[in-house]
Amino acid sequence: MNLGSSRMIQHSLPRRLLHNHSGVVSIALFFIFCCVVFSLITSNFLTSTNWLNIIRQSAPLLIVATAMTLVITTGGIDLSVGSTLALVGALSAIALNNWGLPWPVVLIGGLLLGGLVGAINGFFIAFEGIPAFIVTLATLAVVRGIALLVTQGYSIPVPADSLFTFMGRAWVLGIPMPALIGIVCLIAGHILLNHMRFGRYVTAIGANAEGARRSGINTKAVTMKVYIISGMAAALAGMIITARLGSGSSNQGEGFELQVIAAVVLGSTSLFGGFGTVIGTLLGALSIAIIQNGLILSHISPFYTQIATGTIILLAIWLNTRILNPTRSAAKG
């Protein structure tokens with residue numbers, strides 16, 4: 001009897017895992033499929049040099065996508081991350097090159113500026129009740145406009161001898177510094193969402209905001225904190241890109257918010273809120289990164305990258321609404 005029970009448990013465990021984490025399993029299979037395809041098409045795809053390059057270049061996407069997972073889990077969205085990335089990156093270069101500020105001051109100031117943009121978003125969304133799409137679409141335009149104004153459309157170089165560049169160019173134990181920062185952010189986001197009270201509040205707000213409020217959760221404060229985290233993540237990503245490229249520009253991050261949202265939704269985080277997974281976001285971001293990298297290695301026109309990214313977003317939304325949330329889509333029908 002005990003032997004039979006143990007066998008039943010062993011057989012039911014994979015089914016239970018597949019049922020409970022179907023979205024993560026599907027994106028994992030998609031990730032493996034992409035790796036196999038590009039490894040067969042190109043000879044350099046599986047080399048360690050190429051993978052380190054993929055991880056280094058996708059680090060800003062991983063950082064912002066981790067924060068965006070929290071935002072979308074609450075049922076919201078943040079379209080201003082690309083503009084925040086550009087503004088903070090450009091101002092960081094100006095502060096280092098024109099104002100001569102020490103790099104620690106620039107780093108802290110950049111994070112605070114990103115947090116301020118997030119706080120503005122959070123205030124109008126949480127306390128004024130304006131839809132997140134409208135608020136962040138407005139701040140997308142305003143913040144990008146400020147970035148264009150302060151740079152006058154020019155790229156601002158970062159002093160070559162500044163330690164600020166280490167954040168984007170240094171290697172530690174054979175691993176790029178941006179990748180290490182991204183890994184730390186991923187781990188912190190996973191712990192925050194799955195093992196801390198704040199993460200439970202985020203999920204509860206996305207599942208039923210009114211029910212969460214009535215249970216004693218300060219939904220407005222939690223929502224505002226989520227957008228502050230998103231703004232700070234975008235700021236950090238902007239400084240990493242500026243440090244890696246050696247210059248800041250108002251054109252950085254154009255369309256970046258679409259890649260971030262695609263990574264999060266591909267990772268099976270629900271667009272309706274109430275469910276999020278940082279592990280899925282990691283796989284989603286890496287899937288987008290290897291598609292872009294594989295197309296380049298295959299000597300395919302870079303214009304196809306935009307087509308591929310848009311197609312992925314469309315498929316991700318369709319999978320999310322029709323397969324991962326069939327009951328809600330049926331209710332709307």
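Biologist: Is Ser58 buried or exposed?
Modeller: Ser58 counts as buried, because its relative accessibility is 3%. Buried means under 20% relative accessible area, exposed over 50%, partly exposed in between (1.4 Å probe, protein chains only).

Biologist: What kind of model is this?
Modeller: This is a predicted model, where local features need pLDDT of at least 70 and side-chain atom pairs pLDDT 80 or more, while totals for chains, interfaces and linings use all residues. Numbering runs from 1 along each chain as its sequence is written, and side-chain values use heavy atoms, with hydrogens and water left out.

Biologist: Back to Ser58. Which helix does Ser58 lie in?
Modeller: Ser58 lies in α3. Helices are DSSP runs (H or I, at least four residues), numbered from the N terminus.

Biologist: What does Ser58 touch?
Modeller: Leu286 and Ala289, leaving aside residues up to four places away in sequence. Contact means heavy atoms within 4.5 Å.

Biologist: New topic. What volume does the largest pocket have?
Modeller: About 750 Å³. A pocket is an open set of points on a 1 Å grid, where a 1.4 Å probe fits, with protein on both sides within 12 Å along at least five of seven lines; lining residues have an atom within 4 Å of a point. The volume is the space filled by probe spheres set on the points.

Biologist: How many residues line the largest pocket, and which lie nearest its centre?
Modeller: The lining of the largest pocket holds 27 residues. Nearest its centre are Gln57, Phe256, Gln259, Gln292 and Thr305.

Biologist: Which helices supply at least two residues of that lining?
Modeller: α3 (48-73), α11 (219-245), α12 (256-266), α13 (278-297) and α14 (303-324). The largest share is from α3, with six residues.

Biologist: How many of the lining residues are polar, nonpolar or charged?
Modeller: There are 14 polar, 11 nonpolar and two charged residues in the lining. Charged covers Asp, Glu, Lys and Arg.

Biologist: And aromatics. How many aromatic pairs does the structure hold?
Modeller: Five. Rings pair if their centres lie within 6.5 Å; planes under 30 degrees apart count as stacked, over 60 as edge-to-face and the rest as tilted.

Biologist: What else does Phe45 pair with?
Modeller: Phe45 also pairs with Trp51, edge-to-face, at 5.6 Å and 65 degrees.

Biologist: Which residues do ring pairs link into a cluster?
Modeller: Phe31, Phe38, Phe45 and Trp51.

Methods. Rings of Phe, Tyr and Trp (its six-membered ring) pair if their centres lie within 6.5 Å; planes under 30 degrees apart count as stacked, over 60 as edge-to-face and the rest as tilted.
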